[in-house]
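Q: Could you walk me through reading salt bridges in a model like this one? I'd like the general idea and then the actual cases.

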Amino acid sequence: MPKSAMECTHRLVTSPAGRIHLVEQGSGPLVLLVHGFPESWYSWRHQLPALAAAGYRAVAIDVRGYGRSSRPDSVAAYRMLDLVADNLAVVHALGEQSAVIVGHDWGSVIAANSALLQPDVFRAVGLLSVPYAPRGGPRPSEVFARLGGDEEFYVSYFQEPGRAEAEIEPDVRGWLAGFYAAMSGDTMPASTAPDPHFVSKGGTLRDRFPKDRHPSWLGQGELDAYAEEFERTGLIGALNRYRNMDRDWEDLADFDGAPITQPSLFVGGSRDASTTWLADAIDAYPTTLPGLVSSHLLDGCGHWIQQERPDDVNRLLTGWLASLPS
């Protein structure tokens, strides 16, 4: 592989957000990588060189609100329609007409909606950790409010401006370390322990994080990379994604129950709550993802799938990409 194809380039491109920061490696068909919460382009550090080596132009972005991308002040600026518009702008800024889009966590939801709303641009979609579930049912905030009984579901906790920020800001590094550990396959609490996805009355989310346990994928260098970014930017922009779920539900009313018909891939972790809570969504793939090429659950893996199991994810991604029509 020529050295030039393996070099990593940082760029800023214009988007409806103002600017989007991206990291690019390789040449060939465009593969756009979209991260989740609380991550950044850096969560794709293992995939960028692997995709470049396989003959693709791999581009990982900082989603608006994160890293070096713009952080609009308005909460409503983080609605799904705006995030899809950012992805579209990135493709065009790179001089391309189409792309394969791959997302993890919130990025999976953003990627799915990008493919749904812009099928002429996003010709295939890869979903990591969070399954595709079409818009439908009651208003999301009402659903989340009913979960947990006397406890509060973490999404509801994140939706109220200022609450999570007050918990996180005094110790961003420690909070991130605990959050990553709580959802990693090798450090998450036992099934008999209090669930870290819920907050007890008067408590905080970090009360249930594992203590003094770091996932095998998260060394000091990796934690430094995330902590330094979020200590600089804060987490308001990242948390604002959770504060737009009802807006998304309203904005996407015309797509109620809509399938994604492009070729698709799903990869999840067997220990990830996203795949167990949303098992019905995975079962519905013959209807909701009729173009599904393959679906995989990695045994023993948690939520941070492309960082916990980079070799497995790279193998599945490159095999799927090779199967797509050119």
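Q: By about how many helical turns are Asp-312 and Arg-315 separated in helix 16?

A: About one, because Asp-312 and Arg-315 sit three residues apart in helix 16 (residues 310–323). Helices here are DSSP runs of H or I with at least four residues, strands are E runs of at least two, and both are numbered from the N terminus. This is a predicted model, where local features need pLDDT of at least 70, side-chain atom pairs count only at pLDDT 80 or more, and totals for chains, interfaces and linings use all residues. Residues are numbered from 1 along each chain as its sequence is written, and side-chain values use heavy atoms, leaving out hydrogens and water.

Q: Which parts does the pair Asp-86 and Arg-64 tie together?

A: That salt bridge is 2.6 Å, N to O. Asp-86 is in helix 3 (residues 80–93) and Arg-64 in the loop between strand 4 (57–61) and helix 3, so the pair joins parts 22 residues apart in sequence.

Q: Is Asp-86 buried or exposed?

A: Buried means under 20% relative accessible area, exposed over 50%, and partly exposed in between (1.4 Å probe, protein chains only). Asp-86 is buried at 3%, and Arg-64 is buried at 4%.

Q: How many salt bridges are there in the whole structure?

A: A search finds 17.

Terms used: A salt bridge is a side-chain nitrogen of Lys or Arg within 4 Å of a carboxyl oxygen of Asp or Glu.
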